[in-house]
Amino acid sequence: MNRAFNRKKDKSWMHTPDALAKHHIAYYTKFLGQTEVDQPKGTEVVKDAVRKLKFQRHIKKSEGQKIPKVELQISIYGVKILDPKTKDVQHNCQLHRISFCADDKTDKRIFTFICKDSESNKHLCYVFDSEKCAEEITLTIGQAFELAYKKFLESGGKDVETRKQIGSLQRRIQELETENSELKKQLQSLQEQLMFAQAGCISPNSPSTDIFDMVPFSSGTILAPVPASNGMKAAKLQERSSKPYSGKDLFGAEPFDPFICEASDFPPDIQSKLDEMQEGFKMGLTLAGAMFSLDPLDSRS
């Protein structure tokens, strides 16, 4: 990190190493905002950024908007910008991405730092307004850099690489979770489409069949062959006509009655047999009538 101010080399730091290595130091300031800059460092670079954000804030203030207050949490891992009430993290600037930090000598309330964005790889300048702690906050960030660098040397660079790998794995996990969520939505949509398609294939008017793919027989219906789903011919139900009975059979012919047919309707041999049957039937009726007409007393004598 480059600092735009000179400090005595024998000046002691304000915080204990454990306070920044195991915990964090919190400050409450006003956040003017962040803006993109062309260079990762430089006094003139941050001065231009401060002028730009001050002008934007002046316009918003004239419109009745107040400068939001934020909480800064500084540690050897970076600088977090949080909402002081909800504690929601608005920005998480990792320490190894911060390339420049400075407090304004002309305006003792202003301090800034430049950080490279992890997603867009753009350099962003963050500007804050603190009435009393601008220089102290800058020193605290400087101390966090020194402690992080010492830890880097002691670990031989493994600690930083481990954090990078963990960060990459966390991003990959988030990507996979997003992909998994999208795939679940697509699968649910396909299942719903399949259910609708299956429901559409079953017609509410189609007759049910038995285990042999046959339509059950009903006395109120007649059967006619129709193609079935298995290639065989199944019986299709047809309702009987509501017209009165015409006296014809299933094939459209008059019902057969041997006793009312004319002699010319049959061959001679068949007609003779029918005549004998008719004469025998008449004789049987005559004998039966005679038997039932006898008086019971006569039968006893």
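Predicted model: local features only at pLDDT ≥ 70, side-chain atom pairs only at ≥ 80, totals over all residues.
Tutor: Start at Asn121: it sits in the loop between S7 and S8.

Student: What is its phi?

Tutor: The phi of Asn121 is positive, about 60 degrees, although Asn121 is not a glycine.

Student: Which loop holds Lys87?

Tutor: Lys87 is in the loop between strand S4 (78–82) and strand S5 (89–94). Lys87 is not a glycine, yet has a positive phi of about 65 degrees. With 40% relative accessibility, Lys87 is classed as partly exposed.

Student: New topic, helix H2. How far apart are its end C-alpha atoms?

Tutor: They are 29 Å apart. The 20 residues of H2 (residues 43–62) should span 28 Å at 1.5 Å a residue, so the two values agree.

Student: Which residues of H2 are buried?

Tutor: Val45, Val46, Ala49, Val50, Leu53 and Arg57. Down the axis of H2, these buried residues fall within an arc of 125 degrees, so they line one face.

Student: Why would spaced residues point the same way?

Tutor: An α-helix has 3.6 residues a turn, so residues three or four places apart do that.

Student: What do the buried residues of H2 pack against?

Tutor: Four strands: S2 (25–37), S6 (98–103), S7 (110–116) and S8 (123–129).

Student: Which exposed residues are on the face turned away?

Tutor: Glu44, Phe55, His58 and Ser62.

Student: And what follows H2?

Tutor: Gly64 follows H2, with a positive phi near 95 degrees.

Conventions. Residues numbered from 1 in each chain as written. Heavy atoms only, no water. Helix = DSSP H or I, 4+ residues; strand = E, 2+ residues; numbered from the N terminus. Expected span 1.5 Å × (residues − 1). Buried < 20%, exposed > 50% of the residue type's maximum accessible area, 1.4 Å probe, protein only. Arc of directions from axis to C-beta. Contact = heavy atoms within 4.5 Å.
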